[in-house]
Amino acid sequence: MQKKTSPQILSQKVANIIRQKITIGELPPGERLSETALSETLEISRNTLREVFRVLTQEGLLTYKPNRGVFVSVPDMASIMDIYRVRRLIECDALRHSYPMHPAIIRMQDSVNQAKKFQEQQDWSGVGTCNMHFHTAIAELSDSPRLFKQYQLILAELRLAFGLLNDPQLLHAPYIEKNEQILILLMDGKAQEAAMAMEDYLEISERTVLAAFSRYNLC
């Protein structure tokens, strides 16, 4: 007899599914979520879905608008700047204290190679997903479960910020080469140089996303 999943575990599972949909760009910023459609698709009760909505709203991934429903959040400027502040603290420090034989470096290498294949196919959404995997692997270099958990929480918020750009090629194409440069520095044992390269990388990325946010608000 199959053991019944507890409501708490089910809510966590569904919350992870929706976070993943946001992270891969399947649920873009500003999109209204249909309670009826989602509960049917995920085969859960509306009460469970409402609990998931509550949790994800607390995390900043969803926004409840009275008399209108629940929407995927659109990051504001302060949120974007804070996301990048956290990224600098986690990613740059993880690179600075890493070592060349860390298992996460293999995942970084795989992400770069896969991104190049998607680039050849002009699949910029695929490139974006590989970019997420690359930076997730960098967070793994910290060897800190607590830091990695925190990074996973901002990952979906980061994708929301990226979703403000209507041109994924403009967003992701320049960073394939930059990711590879950071990887090469790391594999050569130049952890400090890799961390400095990431500082420059994040500064350019932040400016790009903030510029997109400004254009979004003008629309």
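1. The unreviewed UniProt entry carries the annotation "domain: HTH gntR-type" for residues 8-75. The structure discussed here is a predicted model. In this model, the annotated span of residues 8-75 is 53% helix and 15% strand. Its end C-alpha atoms are 28 Å apart.

2. The domain assignment divides the protein chain into domain 1, residues 7-72, and domain 2, residues 77-217. Taken over C-alpha atoms, the centres of domain 1 and domain 2 are separated by 25 Å.

3. How many residues of domain 1 are in contact with domain 2? Ten residues of domain 1 touch ten residues of domain 2. Sorted by class, the side of domain 1 that touches domain 2 has six nonpolar, two polar and two charged residues.

4. The size of an interface is often given as the accessible area lost when the parts come together. Between domain 1 and domain 2, the buried area is about 840 Å². Carbon and sulfur atoms give 69% of that area. Which three residues supply more than any others of the area that domain 1 buries against domain 2? They are T23, P29 and L61, and they supply 55% of it.

5. Across the interface of domain 1 and domain 2, the rule finds zero salt bridges.

Terms used. Residues numbered from 1 in each chain as written. Predicted model: local features only at pLDDT ≥ 70, side-chain atom pairs only at ≥ 80, totals over all residues. Heavy atoms only, no water. Domains from an automatic or database assignment. Contact = heavy atoms within 4.5 Å. Buried area = accessible area lost by both parts, 1.4 Å probe. Salt bridge = Lys/Arg side-chain N within 4 Å of Asp/Glu carboxyl O. Nonpolar A, V, L, I, M, F, W, Y, C, P; charged D, E, K, R; others polar. UniProt positions renumbered as here; feature names shortened; annotations may be inferred. Helix = DSSP H or I, 4+ residues; strand = E, 2+ residues; numbered from the N terminus.
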